[in-house]
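Please consider the following protein chain, with attention to the confidence of the model and to the pairing of charged side chains.

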Amino acid sequence: MNTNSLYRSCLASCICALASQASFADTPLGWLSSDHPSAFTLDAMSFDLNITGLAVNEDLDVLNIRDDVLAGTRQLGGKTGDLEGNRVAAQFGITSTLSAFYERQQTDLTVDIGSVSSVNLISIDNQLRTTSTQYGLRWNFFEAAYFDNANAWHAASIEISKTENNTKDYSAIIDQIFISSGGIDVTLRFTNPQTFGLQDLSDDGLKARLLYTRPLTDKITGNVWAGYAEVDASAATGSDITTVFLAEAFAQDISIEDRQISFGAGLNWQITPRLPLQVSYEYIRVNNIDTQVQFNATNIFLPSFLRADESPPSVNDNHTVRGSLSYWITPQFNLSLTAKVFSHQFLGVVPHYNNPLSQSFSDKPYGYAGVQLGFRL
């Protein structure tokens with residue numbers, strides 16, 4: 001073989017080696033990205049699916065979070081603060097530098113209301129049933145020191161997403177209204193029980209986030225990110241009362257416009273190649289641009305726990321901490337134990353919870369645990 005032939009052969013071998021490296025998954029071996037932000041994307045045509053069961057109750061409440069929710073209020077009782085739900089998160093690698101993602105979380109948050117002096121309750125819902133979705137794209141525009149996917153490397157990405165939250169109406173059935181004015185007590189009785197409650201609980205927004213990931217040691221990788229979001233939220237109270245005067249008393253419309261900034265950092269520690277530990281922290285700052293409440297003066301008859309005002313929440317920031325310990329049972333299947341804690345309940349996470357019912361305990365800490373199954377195809 002002459003020199004030129006040898007040169008061409010070596011060059012072809014190098015190109016094949018580089019192509020082989022490029023075919024490696026763009027996410028390092030053993031890395032999990034569900035609910036822990038990083039700048040890594042999936043390899044082209046690869047797919048991740050994570051299914052999580054979520055809960056908090058008196059047995060799982062190791063931080064006494066439920067007790068904090070109940071403290072200092074007479075309106076709430078029973079199992080208020082209990083939560084059960086599920087989360088599904090999927091990612092798909094469009095190219096090696098561009099991934100699409102979709103997340104859907106459904107939760108039932110227990111809110112047990114005690115006696116209400118202004119109405120006679122026949123029945124009342126005891127859960128806020130919320131569906132949260134987020135979907136978007138992550139573009140990895142920078143990589144450095146990328147030799148193979150056995151270890152992490154430097155990466156930077158930008159992420160654009162759409163967020164939506166919707167809560168089912170929270171309703172009560174009444175058959176009497178008690179009115180006390182000027183020393184005169186009056187009781188209004190309905191021939192047929194009437195329904196009233198919270199309605200139109202929803203929000204949607206757009207979010208942009210810049211993420212950077214870098215290796216700290218051969219087993220530990222660090223992530224940092226910063227984000228900005230614009231959110232519009234709404235809530236209302238209403239009834240099926242046909243008497244105009246009383247129907248107006250139960251009617252309110254609440255609109256909220258927020259701007260949010262967030263900063264976060266996290267660590268991924270590959271304790272062993274099959275046992276990753278992930279922890280992350282995020283700070284969320286909520287700037288309430290505008291809150292408008294429309295109501296009729298007669299809404300003094302509305303139960304106080306549903307009566308809104310235009311004052312912003314008593315707090316405007318939230319500190320969140322996530323943690324997960326996972327085990328790769330096979331290269332395609334993993335099992336994780338997860339936990340998430342908020343310093344101020346769902347402030348900034350579910351913006352429409354800034355409503356008359358749940359705003360009263362939005363300054364309380366909260367959290368839940370989860371068991372997650374992960375699949376990589």
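The paragraphs below treat confidence and then salt bridges.

This is a predicted model, in which local features need pLDDT of at least 70 and side-chain atom pairs count only at pLDDT 80 or more, while totals for chains, interfaces and linings use all residues. Residues are numbered from 1 along each chain as its sequence is written, and side-chain values use heavy atoms, with hydrogens and water left out.

The mean pLDDT (the predictor's confidence in each residue, from 0 to 100) is 83 for the protein, and 82% of its residues reach 70 or more. Among helices (H or I, at least four residues) and strands (E, at least two), which are DSSP runs numbered from the N terminus, confidence is lowest in helix α1 (residues 3-22), at a mean of 45, and highest in strand β8 (residues 154-167), at 96.

Side chains of opposite charge can pair when their charged atoms come close. The structure holds nine salt bridges, each defined as a side-chain nitrogen of Lys or Arg within 4 Å of a carboxyl oxygen of Asp or Glu. One of them joins Arg87 and Glu103, at 3.5 Å from N to O. Arg87 belongs to strand β3 (residues 83-95) and Glu103 to strand β4 (residues 98-110), so the pair ties together parts that are 16 residues apart in sequence. Arg87 is buried at 7% relative accessibility, whereas Glu103 is partly exposed at 24% (buried means under 20% relative accessible area, exposed over 50%, partly exposed in between; 1.4 Å probe, protein chains only).

Another salt bridge joins Arg138 and Glu159, at 2.9 Å from N to O. Arg138 lies in strand β7 (residues 127-144) and Glu159 in strand β8, 21 residues apart. Both Arg138 and Glu159 are buried.
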